[in-house]
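Open the structure in your viewer and follow along. Each stop gives you something to select and tells you what is there.

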Protein chains: 2
Amino acid sequence: MQRSLARLGDPLDTIATPALVIDLDAMECNLGAMAVFARSHNVRLRPHAKMHKSAAIAKAQIAAGAVGVCVQKLSEAEVLADAGIADIFISNEVIDAAKLTRVAALAGRITLAIAVDSILGVDRLAEACKAVGGAPNVFVEIDVGQGRCGVSPAAAGALAHHVVSRGLRFAGLQAYQGGAQHLRGAAEREAAARSVATLVREAQKSITSAGIACPLVTGGGTGTFVFEATSGVCGELQVGSYLFMDCEYADIEPAEQAPRFEHALFVKSQVMSRSASHVVVDAGLKAYAIDSGLPRVRGRELEMVNYGDEHGILKPSGSGSAADLPLLGETVWLVPGHCDPTVNLHDVYVAVRGGLERGVVEALWPVDTRGCLI
Amino acid sequence: MQRSLARLGDPLDTIATPALVIDLDAMECNLGAMAVFARSHNVRLRPHAKMHKSAAIAKAQIAAGAVGVCVQKLSEAEVLADAGIADIFISNEVIDAAKLTRVAALAGRITLAIAVDSILGVDRLAEACKAVGGAPNVFVEIDVGQGRCGVSPAAAGALAHHVVSRGLRFAGLQAYQGGAQHLRGAAEREAAARSVATLVREAQKSITSAGIACPLVTGGGTGTFVFEATSGVCGELQVGSYLFMDCEYADIEPAEQAPRFEHALFVKSQVMSRSASHVVVDAGLKAYAIDSGLPRVRGRELEMVNYGDEHGILKPSGSGSAADLPLLGETVWLVPGHCDPTVNLHDVYVAVRGGLERGVVEALWPVDTRGCLI
């Protein structure tokens, strides 16, 4: 673990680089806008904590009206539960018997839900609950077009029946279409969400045909939440990235009815080397994820043209010229391409109040579930 | 921080997934082969700890003959120094005055070296050393073709002169050509290394013309070390990836005279979902880096065709068929595309003795400098 990045009350220029910085004003606007949207559309809000990995932020979301949070991994749930989050949905399958014993134990401590998509997964979960106690809410995941996890909608009834027959509590359907979130056109995403709703209805029919009630459908992301909230089937939104935004989401055409979210997450970097043609900042692959493109530079005519594990190479972009290159030691604010895996690289958030021009450090929040892989 | 991954003495199948696993037998062969190579070629070996980020591994390298290690970041040096590593080269520029004060302080505790490529960097380092004490070895970095950091070879003499004039100890040249490491053909890499040597000679001439001795040239990587070791100018090798290997390095044509290194680093994953056409393992972007391609699957006719933050989607490859897909709960061993940023995602190494078929857990090593970005 490295030394401290900043002290409370410090001005921006004293934050050591590279650092993961939250613009609190922007984040709180985003947080509030989504809470209002969910309330006004009468859907539950369960933001995805796989994105921010922070108990402090999860608490702020819950204080604003969220019913709890989602995570993807058991160990994330355990850490957030230890930090006081009392309602968590592991929106993902767990198949390992030793882990399922921990799932059952955790379900004895907090309100816990988990997704299943196999007979084996249900059987092992039931055995663990029998052995340890604990009664998690069980969501059957259906594949609504992503081609990843989940059973087919037609098979949902049989699996729900198996859940119930093993003495577990069937809580509804997990229906997330990851592939729809970044479709550029709003109409394309709307069509994808309509297709999700059709598949969900098919699954619901299969479940009611099995004589089982389907209490809730949970799903949706930052790209499709507007359409999911009005689809008539989705009762709970799992949005994550709205809180920070990233270049990937900024690049899609917003839905007309969507709140406007602003970038609230940045990597503060510093020019450490400078030539006549380019500058090098002290933030590379280990400070930001590049799976969805290189970071962009905030407020300057600069473009990242290459990177290394610990370096980012910037050149003038657009109408910029070499004369505009920042000086040695100057700060460069990077906007990550993809927030989730960028956050997962850092141990601490430096939360800044008052914007990125004249703000001060208001809080240092640990990235509590960073590295929680199991 | 998540719960424990494994216990000492445990068999492989009890290691929780996803986990970063070292095949110790393979790693020790690689470690020994490079030590023998360096000794027999009469060059110093200073492996790059930016790759493994582990004090335990650094100590094993030093025990086998390395003079010390390299790092890229001040905080890496501080953490490794605290763990008992007494000779460290920060093979990178540091420009921030507060950090340079820490560099100077650290140089009072251990044998420390650092790279410079600017007047400002030298001036700030000199001021810090004057204020705090501490006398680091200072290497002038030259750009030997990568187009990243470093002054031109012709400018090396002037900067070396400035180092000396500010009362600092000039130790030689940092000459690393990152762009040459992954050129596919051995002849291409040999040509690139020859070009490095030509530029180094030009820089040496510029330095001796300034009346200054150039004690050492340090550089080279896993792709070029054979050629650098025999270039006649390079006195110290900074190889890193040889220890673990990854797909990126396995794909280059090995130099004739190079030892054969084996994959020693794996991500253990588990099938968590299965359909007729594919399986999903529980390891995604947060468990391996994808900047140099998706991980490959060890010992099976499977190919990763897509990924998510927490998922990897595998389909049959080559002559494999859907009938060969692994079962729910089965282990799948992934070989990372790029070891450095993969290691940086994990908190712990699970070090296994006896191979990946019947081995047992021999050690759990923290990834000490994981997240040491500043």
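What rotation superposes chain A on chain B? Select both chains and look. A rotation of 180 degrees does it, with 0.0 Å of shift along its axis and an RMSD of 0.0 Å. The two copies are therefore related as by a two-fold rotation axis. The same surface serves both copies: 100% of the contact residues of chain A recur in chain B.

Before going on, colour by confidence. This is a predicted model. Chain A has a mean pLDDT of 97, and 99% of its residues reach 70 or more. The model scores are ipTM 0.97 and pTM 0.97.

Next stop: the interface. Here 50 residues of chain A are in contact with 50 residues of chain B. Select helix 4 (74-82), strand 10 (265-274) and helix 11 (339-343) of chain A; these elements each give two or more residues to the side that touches chain B. Now colour that side of chain A by class. You will find 21 nonpolar, 15 polar and 14 charged residues.

Now hide chain B and turn to the sheet. In chain A, eight strands form an open sheet. Trace them in the order 2-9-8-7-6-5-4-3; the pairing is parallel. Which strands are the edge strands? Select strand 2 (44-45) and strand 3 (69-71) of chain A: each pairs on one side only.

Last stop: one pair within the sheet. Select strand 8 (residues 216-219) and strand 9 (residues 236-237) of chain A. They pair in the parallel sense over two bridges. Pick Thr218(A), then look across to strand 9 of chain A: the bridge partner there is Glu236(A).

Technical notes:
Residues are numbered from 1 along each chain as its sequence is written. Chains are lettered from A and ligands numbered from 1 in the order in which they are written. This is a predicted model: local features need pLDDT of at least 70, side-chain atom pairs count only at pLDDT 80 or more; totals for chains, interfaces and linings use all residues. Two strands pair if DSSP finds at least two bridges between them. Helices (H or I, at least four residues) and strands (E, at least two) are DSSP runs, numbered from the N terminus. pLDDT is the predictor's confidence in each residue, from 0 to 100. Copies are superposed by least squares on the C-alpha atoms of residues with pLDDT of at least 70 in both. Two residues are in contact if their C-beta atoms, placed from the backbone, lie within 7 Å. Ala, Val, Leu, Ile, Met, Phe, Trp, Tyr, Cys and Pro count as nonpolar, Asp, Glu, Lys and Arg as charged, and the others, Gly among them, as polar.
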